[in-house]
Amino acid sequence: MNGRSHEINTDFCNPDLFTEEVFDVKCSNRAIEFKSQGFPSPNHTMMTGITATNQQIPQIHNYQFHITRTPKITKIKEVPDSGAIGVAVNGIPLFDPATQGPVNLSTGKRPNSYKQGELDHCGGHAGRGDDYHYHIAPVCLIEDLGLQNIDVLKKPIGFSMDGFPILALGWFDQSNNVENDLDECRGMTDSKGQYFYNVKTTSDYDILSCFHAQPQKFAKDSY
């Protein structure tokens, strides 16, 4: 199947798009707003499976998210460094895979948190601010959302800080695999011209490689 024949679900203002961990969902022509405490579903065992050193303990936060609905597409695509790149539909921040370690002079990149064994079974860990966040595709969240939401209804699993949705097409159904249709940012447009990113469904489970539009300030934390 040609990936561009897909038509993704764009009912971004429907509260049912989000999990029970998200609340106060509000929507306008300009933005989608919602809140969370930064904890996943209770059945997602945090911090289990980490093989590197991590002495942080996830704490409840008070997030307010603001996702623009008017992305400003740029000619020069910004490549993220270590730090936030968006938010999942369960209200947990999404980060670039890079750690805050030093840049490797030969590759020009920081260490990859997944390859360094710093992530739990769900693809996340607690950072220096005791904030739980994902550095790769949120594996446990995607598994919970299941085939119907991911590959049939084609709902987003999150939003980038530039305003575009993030999907996981092909996670359960290989006939939806769009890997060969993605651009340099891991994005593409659907049959109606809606741009979206698609996470890598195999190791290293990358979320996005660059921003198709201008990244916006999208989160506040009163922790």
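Reply:
**Aromatic pairs and their setting**

Eleven aromatic pairs are present in the structure, which is a predicted model. In one of them, the ring centres of Phe164 and Tyr197 lie 6.5 Å apart and the ring planes make an angle of 75°, so this pair is edge-to-face. Because Phe164 belongs to the loop between strand S9 (158-160) and strand S10 (165-167), while Tyr197 belongs to strand S12, the pair ties together parts that are 33 residues apart in sequence. Phe164 and Tyr197 are both buried. Tyr197 also pairs with Tyr195: the centres of these two rings are 5.4 Å apart and the planes stand at 90°, so this pair too is edge-to-face. Tyr195 is buried, as is Tyr197.

A cluster is also formed through ring pairs, and its members are Phe18, Phe34, Tyr63, Phe65 and Phe218. For its setting, one may turn to strand S2 (residues 31-36) and strand S3 (residues 63-68), which run antiparallel and are joined by six bridges. Across this pairing, Ile32 stands opposite Ile67 of S3. S2 and S3 belong to an open sheet of four strands, ordered S1-S2-S3-S14 and paired in antiparallel fashion. Strand S1 (22-27) and strand S14 (219-221) are the edges; each has a single partner strand, so one side of each is left without a neighbour in the sheet. On average, and with direction ignored, neighbouring strands of this sheet are turned by 15° against each other. The loop between S2 and S3 holds Met47, a residue other than glycine with a positive phi, near 70°.

The side chains of Asp24 and Lys35 form a salt bridge with an N to O distance of 3.6 Å. Asp24 is in strand S1 and Lys35 in strand S2, so this pair ties together parts that are eleven residues apart in sequence. Asp24 counts as partly exposed at 43% relative accessibility, and Lys35 is partly exposed with a relative accessible area of 32%.

The loop between S12 (195-198) and S13 (211-213) includes Asp204, and a cis peptide bond with omega of about 25° joins Ser203 to Asp204. Tyr205 is found in the loop between S12 and S13 as well, and has a positive phi near 55°. As background, most residues other than glycine have a negative phi, and most peptide bonds are trans.

Asp204 also forms a salt bridge with Lys115, with 3.6 Å between the closest N and O atoms. Lys115 counts as exposed, at 59% relative accessibility, whereas Asp204 counts as buried, at 17%.

Lys192 and Glu7 form a salt bridge whose closest N and O atoms are 3.3 Å apart. Lys192 sits in the loop between strand S11 (187-189) and S12, and Glu7 in the segment before S1, 185 residues apart. Lys192 is exposed, with a relative accessible area of 64%, and Glu7 is partly exposed, with 44%.

How values were computed. Residues are numbered from 1 along each chain as its sequence is written. This is a predicted model: local features need pLDDT of at least 70, side-chain atom pairs count only at pLDDT 80 or more; totals for chains, interfaces and linings use all residues. Side-chain values use heavy atoms; hydrogens and water are left out. Two strands pair if DSSP finds at least two bridges between them. Helices (H or I, at least four residues) and strands (E, at least two) are DSSP runs, numbered from the N terminus. Axes are lines fitted to C-alpha atoms, for helices over the stretch in contact, and angles run from 0 to 180 degrees between N-to-C directions. Rings of Phe, Tyr and Trp (its six-membered ring) pair if their centres lie within 6.5 Å; planes under 30 degrees apart count as stacked, over 60 as edge-to-face and the rest as tilted. Buried means under 20% relative accessible area, exposed over 50%, partly exposed in between (1.4 Å probe, protein chains only). A salt bridge is a side-chain nitrogen of Lys or Arg within 4 Å of a carboxyl oxygen of Asp or Glu.
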